[in-house]
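Subject: Structure for you to look through

Hello,

I am handing over the structure we talked about, and below it you will find notes on what was found. Please keep the structure open while you read, so that you can look up each residue as it comes.

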Amino acid sequence: DQFPAYHDLKYNTSPTLISDVRNRLSPTEALIEYFVTDSIIYIISIDHSKTFVDTVHWDARLTQSLNNLLASLIDPTGGETAGSREFYFAIVRDSHFIYQRILRPALARLTTKDLTIIADGKLSYLPFEVLATSPAITDAPDYSRLPYLVRTYEIRYAYSASLTLERMKPRSRYTQPFLGFAPSYNNMSEPGSFLAPLVHNRREVQEAADIWGGQMFVDSDASEKAFKENAVAANILHVAAHTVIDEIEYSNSGIAFLTEGQDDGFLYTYELYAMDLNADLAILSGCETGIGAEARGEGMRSLARAFKFAGCNSIVMSLWKVSDKAAREIMNEFHKNLKSGMEKDEALRQAKLTYLDNSQVVSPFYWSAFVLVGDDQPINSSNRTLTFLIIIAGAILILAFVVRKKIMKPSRSVAA
């Protein structure tokens, strides 16, 4: 009763029919869903007209390759302390092996380049974009030239097939096109003072606000109270803040804002379930916003998932502790791409490619942590229905005024 939206999503569900999923997919889209058991991975591939099922043995080599790759991805040094050449070729070897085992069988049956992936188990920690579609093409380490999946596919993620069938929530109540939050962590009296200062988060939010207009709360203004009072009004929510993950009880994980009034400065996951948000897109550029407790049949229970339950159509989240500087660069490009009218998954893909092609430090740690969950529709089309209705209503009012004026116009008598 305390969290009715969460209760409905968790319990008031009916089986999802493959035919329903297929009918929802456009001819250019495909969905790949994974079911992981102790010994077998079931892979269901669905496009607009066909469904395929493949099985892969979850053996020791696949387990080791996945563990090695995940450990490499979260290493900010890029392997420099362990020997960069060995580290580099290990990433290539493991990412290509995983690609061959769990993704290539599905892609061989599909012709589309627009994928929705529903991961399961430990695969939920993997950004599929980083998988190498072929072995290394250079003798020396060169991360920028690797044949990552992101170079050829648009990828977004979903928590379940049933959630992909949901219609986008109408965007009729937002009054701010953009709302950004960038707290500082320099005040030792604040509960988040134990967290390292974020050097680039204010600039990250400022650049986004310059692109969209709207409002931002930075430094001491970025309080939990300000978020709770204003977030409901935003079409785009952008939170560049630290997160604190409770590995024992995920509902106690939260975002570290600042204190104001009676609030303690932490926005907990359980509090998000009680909120009613209207955002078409929530960007959570803090650390590990997509990480939480695994629940069989539910996927990853995380801060990002709580934003989805609270009403956000789509979420950009992170899978590990990200670089503050890289986050700013990628998010700036992402907002520019969205503003130009790109679909969300393509906008994030192009932002990553821009980073790969133009930055000096481009190991996957820096660019592959951010993934999109939810719908991929362009931001500019989010409120088309409302705009159309306003135009129609205006036309009707004008027509009614003209007709009324003609009816009330006095008739002239003709002299005999």
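A residue counts as buried when its relative accessible area is under 20%. Please bear in mind that this is a predicted model.

With that cut-off, Y157 is buried, because its relative accessible area is 8%, and F128 is buried as well, with a relative accessible area of 0%.

The aromatic rings come next, and the count is 14 aromatic pairs. In one of them, the ring centres of Y88 and Y143 lie 5.0 Å apart with their planes at 80 degrees, so this pair is edge-to-face. It links distant parts of the chain, since Y88 belongs to helix α4 and Y143 to the loop between β4 and β5, 55 residues apart. F128 and Y157 form another aromatic pair, which is tilted, with 6.4 Å from centre to centre and 55 degrees between the planes. Because F128 lies in the loop between β4 and β5 while Y157 is in strand β5, this pair ties together parts 29 residues apart in sequence.

Finally, how many of the 16 residues of α10 are buried? The number is 12, so this helix is largely enclosed by the rest of the structure; among the buried residues are I330, M331 and F334.

Best wishes

Definitions and conventions
Residues are numbered from 1 along each chain as its sequence is written. This is a predicted model: local features need pLDDT of at least 70, side-chain atom pairs count only at pLDDT 80 or more; totals for chains, interfaces and linings use all residues. Side-chain values use heavy atoms; hydrogens and water are left out. Buried means under 20% relative accessible area, exposed over 50%, partly exposed in between (1.4 Å probe, protein chains only). Helices (H or I, at least four residues) and strands (E, at least two) are DSSP runs, numbered from the N terminus. Rings of Phe, Tyr and Trp (its six-membered ring) pair if their centres lie within 6.5 Å; planes under 30 degrees apart count as stacked, over 60 as edge-to-face and the rest as tilted.
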